[in-house]
Amino acid sequence: MKKTIGSDEIRIGRSAEAIAKAFLDNLYYLQGCTLMNASRNDLYMALSYTVRDRMLASWRHGIQDIVESNINLDNKTVCYLSAEFLPGPHLANNLVCLGLYEETRKAMEHLAVDLDEMLAQEEEPGLGNGGLGRLASCFIDSLATLNIHAIGYGIRYEFGIFDQEIHNGWQVEITDKWLRFGNPWEIEKPELCQKVFLGGHTESYYDDKKRYCVKWIPARVVKGIPCDTPIIGYDNNNYNTMRLWKAEAIESFDFQDFNVGDYYAAVEEKVSSETITKVLYPNDETESGKQLRLIQQYFFVCCSLKDMIRLHFSQNEEIESFHQHFTIQMNDTHPSIAVAELMRLLVDDYQMNWDKAWNITRNTLNYTNHTLLPEALEKWRLDLFESLLPRHLEIIYEINKRFLQDVQEKYPGDTGKLERMSIIDESPGKYIRMANLACIGSHNINGVAALHTDLLKKILLPDFYQLWPDKFQNVTNGVTPRRWIQVSNQGLTSLITEYIGSRWLKEFHLHISDIEKYKKDPEFCEKWRKVKKQNKTILASWIKNKTGIDLNTESMFDIQVKRIHEYKRQHLNVLHIISLYNQLKDDPGIKLPARTFLFGGKAAPNYYMAKLIIKLINAVGDVINNDKTINDRIKVVFIPNFNIQNGHFIYPAADLSEQISMAGKEASGTGNMKFSMNGALTIGTMDGANVEIREQVGAENFFLFGLNSSEVFTLKSQGYDPRYYYESNPMLKRIIDQISSGVFSGGDTRLFRPLVDSLLYHDEYMLLADFQSYADCQHKVGETFLDAEKWTVMSITNVARMGMFSSDCSIMEYAKNIWKIRRI
């Protein structure tokens, strides 16, 4: 007799039978269809709701735990403020963390439904630009896995980072409509909305207790609606929350305007308010774009801080103990307005005296810096800032006045130091330096790789380091092995588990090194190579489907996928490709391994030079890929629309990882870690986390080239002349001349002229200085790849020694050294 499944079992049961029944129920009752007439999206939505049902009971306990745990002063709640989150597709990750992947596959097979098709159906939330957002999501994953109560606060952009198409070799931006088919993972909470003031003016007065008070009279008020997504820990039934705010009007419809026939005015406030969270990173070249970007940052910070205080009061706590229960991490400078906003809330709304409020603020907030590019440290023009946040400007003036008094007392007569450390940049136009505000108002300041932190102290923030050396910490970034191995590389996951068991999935940093003892085992090595070949075959099939280009899976897959930027030096890679092409044309019999060069990444819509680099990659690929005399010994492919979902195919298939930024420019990088965790070897400079990766895997297992950061500084200070390298290196000169003469542009000598001129007359990122070292190192890479056994041993060693680059390790360091909390 067939077993009857109860209603509770349908909702939370873990068997294939219970999952299948719940799936059919959700298909019928939520999607309004049956298997016979369901669309692919209907099937995906029904399965997602089925998985979400199995998460919700524990998730609600997680929210309550956040509230109740705050009674214990050893157990603060971590609030991670980030303008970006890139969680990636949720379904596969949630199935893995719940331990339901295999049972779900059985359930779908029983119903003749293709699970892989449903996984591919999910729209990726493009709520970030790249590494910053992905790091935030890795951290929320690790916080849940480590049983640390946390909330990730950010913005629910209606339209995320653009989808990228390639037309005639050029990037074309397409609107990212990630919400068009619905989002089954989020739960909107309108009852927890928060009001946000904008513009207007302030009025000062003395209250009945003779206290000086300031009232902000806003020109405009909007409300923030929280949209919650449960973030599950791995194999521990622990959940945290990603709470993203969307903007709405206080009154979305003006009936009086409608009645008199002014239909646009009737909904004007709704349209204006919702624009705040409409799109990720509006073009800030225009005045309205700058204004919107500042509003976005303040909007989510204001909502988030008010929400934390609401949670704090829900346990009948006094506002004076806020910093004992909450610790806030600001992910880069975007949320740094939190310093002024928390002070405003404490001083204006809760009538706290300045010194007590400042003590709470500085013991609550922490600042992570993610850049070594001075131009990336946000500054807001003072008049723009005042027009939107008049009360915050007053508070910043007061913070700055008191801070500079302290600096002047410590360094009397040093006006240069006062000018550099001031929150107000007095240069023409006057600006608010948000990084300075973050440094002054934070308990800790951290970099994200050892080299990056060292350069923060010496070059970017030396005055603050001299004043507060104990404030500065290093926490090297990490990535979650659940997403980047278990979800994306099932073949490698199975092989590693077969040999060392499954503990490494939860405690990667403790157990992944166990595989190193098998690196000389012929059977294990053969299986390792087989997994890599399978992954390359999967990627090749996927690329064929996307681009129509056939790949040779016996060739070396040499991959560079990341945001397109001159400092990341994708064009250095292209120069080397042209050098190989020339070698093969000059000497067809030369012994070189076949190589497939794969690129991916998006250029900012208004960044012409980055777009030109994409065009160059495609132009060089068009020539080489269609040259029959090369006989497929080199292929060049630009993969459009690089994102997390595509990364699931790309990282596991890589043989060589290109991490070739100029030393001293990359804060950390996390793509380097994802590649290494999946067995790729790295060619790279001494930049960012490359330094620590090389230390861990061993110099003999890392292909190092180029100037280090001190050599870069020395050469620039002596007067770097890129033309010297062009004139003195015949191979390099030939390559540059080929590009400028139109060899790769159909005879058009103007197309790549801006890029060539930039290299010859400026070369800010020193490609020409590093070219020969890079070419020599690539020759060594080619020789090593021809020795399959040696390459395999190096690949295994890389994976085995990547333990410290799990984001779990990063979070444990934050918990111990910055947040001062214990794990439960």
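How many residues lie between S3 and S4 in their hairpin, and which residue in the turn has a positive phi?

## Hairpin of S3 and S4

Two residues separate S3 from S4 in the hairpin, and the turn residue with a positive phi, of about 55°, is Asn168. The model described here is predicted.

One of the paired positions is His167, whose bridge partner in S4 is Trp170.

## Parallel sheet of six strands

Six strands make up an open sheet with parallel pairing, and their order is S20-S19-S18-S21-S22-S23. Strand S20 (634-639) and strand S23 (703-704) each have a single partner strand, so both stand at the edges, with one side left without a neighbour in the sheet.

In general, the strands of a sheet pair through backbone hydrogen bonds, in either a parallel or an antiparallel sense.

## Antiparallel sheet of three strands

A further open sheet contains three strands in the order S13-S15-S14, and here the pairing is antiparallel. Its edge strands, S13 (379-381) and S14 (424-425), each pair on one side only.

Strand S15 consists of residues 431-433 and pairs with S13 through three bridges in the antiparallel sense. In this pairing, Lys379 stands opposite Arg433, a residue of S15.

## Helix packing

Two helix pairs illustrate contrasting directions of packing. Helix H32 (residues 730-740) packs against helix H33 (residues 753-761) at an angle of about 150°, and the axes are 9 Å apart. Because angles over 145 degrees count as roughly antiparallel, H32 is placed in that class relative to H33. The crossing in which H32 passes H33 is left-handed.

For helix H25 (residues 570-586) and helix H26 (residues 608-625), the packing angle is about 15° and the axes lie 10 Å apart. H25 and H26 are therefore roughly parallel to each other, since the cut-off for that class is an angle under 35 degrees. The crossing of H25 and H26 is left-handed.

## Salt bridges

The structure contains 51 salt bridges. One of them joins the side chains of Asp116 and Arg105, with an N to O distance of 3.0 Å. This pair links distant parts of the chain: Asp116 belongs to helix H6 (residues 115-121) and Arg105 to helix H5 (residues 101-110), the two residues being eleven apart. As a general point, side chains of opposite charge can pair when their charged atoms come close.

## Nonpolar surface patch

Which residues make the nonpolar surface patch of about 390 Å²? The patch is made by Tyr28, Tyr29 and Leu30. Of these residues, Leu30 lies in the loop that runs between helix H2 (16-29) and helix H3 (40-69).

Methods:
Residues numbered from 1 in each chain as written. Predicted model: local features only at pLDDT ≥ 70, side-chain atom pairs only at ≥ 80, totals over all residues. Heavy atoms only, no water. Patch = residues over 30% accessible without salt bridge, like charges linked within 9 Å, V, L, I, M, F, W, Y side chains within 5 Å. Areas by Shrake-Rupley, 256 points an atom, 1.4 Å probe, with all protein chains shown as cover. Salt bridge = Lys/Arg side-chain N within 4 Å of Asp/Glu carboxyl O. Helix = DSSP H or I, 4+ residues; strand = E, 2+ residues; numbered from the N terminus. Pairing = 2+ DSSP bridges. Axes fitted to C-alpha atoms, helices over the stretch in contact; angles between N-to-C directions. Parallel < 35°, antiparallel > 145°, perpendicular 65-115°, else oblique. Left-handed = near helix turned anticlockwise from the far one by under 90°.
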